[in-house]
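The sequence and the structure come first.

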Amino acid sequence: GAYVMLDQELWREVPGRADDTQGWAGFLMAARADADVSEIQTHVGLGLVRTGLFDCCAADACGVCLNWVGLSDEAGFSAEDELDVELFFKHQLCGWCSVKPDLQFISHPGGDAAADDAWVAAVRLEFGI
């Protein structure tokens, strides 16, 4: 298969400062795979992320992401596609640790047309060195 990803800073709060991380960024991704090999034949994702929504928390980020996948006919799914909409907020606790609550809505979860749409909530702890 093949994929492409575009990730772009769209707006910076203080454009003249090289160390300014506050602003908006967006991304777009697309992928295509052989239906005989992959259960997911097509994937399109896009999203917006706002970093530093509040001046007191310049490293915090919030965003929204939309993912759509076209499922392979060869894999035996009863649905043709699956859609995921995700909202998140990432709070930087310190330089090496953050907490990230996340809420997702999934249409046709697991590629099952008979399954009810699903809501998924999660909280992640992220550590970095």
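A residue is called buried when its relative accessible area is under 20%, exposed when that area is over 50%, and partly exposed in between, with a 1.4 Å probe and protein chains only. The model is a predicted one, in which local features need pLDDT of at least 70, side-chain atom pairs count only at pLDDT 80 or more, and totals for chains, interfaces and linings use all residues. Residues are numbered from 1 along each chain as its sequence is written, and side-chain values use heavy atoms, with hydrogens and water left out.

**Salt bridges**

A salt bridge is taken as a side-chain nitrogen of Lys or Arg within 4 Å of a carboxyl oxygen of Asp or Glu. The whole structure contains five salt bridges. The table lists three of these pairs, with the distance between nitrogen and oxygen.

| Pair | N to O distance |
|---|---|
| Arg50 and Glu13 | 3.0 Å |
| Arg17 and Asp19 | 3.1 Å |
| Lys100 and Glu126 | 3.9 Å |

Strands here are DSSP runs of E with at least two residues, and helices are runs of H or I with at least four; both are numbered from the N terminus. Lys100 counts as buried because its relative accessible area is 15%, while Glu126, at 25%, is partly exposed. Through salt bridges with shared partners, Lys90, Lys100 and Glu126 form one network.

The side chains of Arg50 and Glu13 form another of the salt bridges. This pair joins distant parts of the chain, with Arg50 in strand β3 and Glu13 in the loop between β1 and β2, 37 residues apart. Arg50 has a relative accessibility of 7% and is therefore buried. Glu13, at 29%, is partly exposed.

Arg17 and Asp19 make up the remaining pair in the table. Arg17 is partly exposed, with a relative accessible area of 42%, and Asp19 is exposed at 55%.

**Phe88 and Pro101**

Phe88 sits in strand β5 (residues 81-94). Its relative accessible area is 16%, so Phe88 is buried. Which residues does Phe88 touch, not counting those up to four places away in sequence? They are Val49, Ala61, Cys62, Gly63, Val64, Lys100, Pro101 and Asp102, where contact means heavy atoms within 4.5 Å. The list includes Lys100, a residue that also takes part in the salt bridge with Glu126.

Pro101, another residue in contact with Phe88, lies in strand β6. Pro101 is partly exposed at 34% relative accessible area. Apart from neighbours within four places in sequence, Pro101 contacts Leu87, Phe88, Phe89, Ala122 and Val123. Ala122 is also 9.5 Å from Phe88, C-alpha to C-alpha, at a sequence separation of 34 residues.

**Surface patches**

Patches are made of residues with over 30% relative accessible area and no salt bridge; like charges are joined within 9 Å, and nonpolar side chains (Val, Leu, Ile, Met, Phe, Trp, Tyr) within 5 Å. Accessible areas come from the Shrake-Rupley method with a 1.4 Å probe, and for residues only the protein chains shown count as cover.

Leu10, Trp11, Trp24, Leu48, Val64, Leu87, Leu103 and Trp119 make a nonpolar surface patch of about 800 Å². One of its members, Trp11, lies in strand β1 (residues 2-12) and is partly exposed at 42% relative accessibility. Val64 from this patch is also among the contacts of Phe88.

A patch of negative charge on the surface is made by Asp34, Asp36, Asp73, Glu74 and Glu80. A charge is placed at NZ of Lys, CZ of Arg, CG of Asp or CD of Glu. Asp36 is in the loop between β2 (23-32) and β3 (40-51), and its relative accessibility of 61% makes this residue exposed. Asp34 lies in the loop between β2 and β3 and is partly exposed, at 45%. The C-alpha atoms of Asp34 and Gly1 are 6.2 Å apart, although 33 residues separate the two along the chain.

**Backbone at His108**

Most residues other than glycine have a negative phi. His108 has a positive phi, near 60 degrees. His108 is in the loop between β6 and β7 and is partly exposed, with a relative accessible area of 26%.

How values were computed. Lys, Arg positive; Asp, Glu negative; His and termini not counted.
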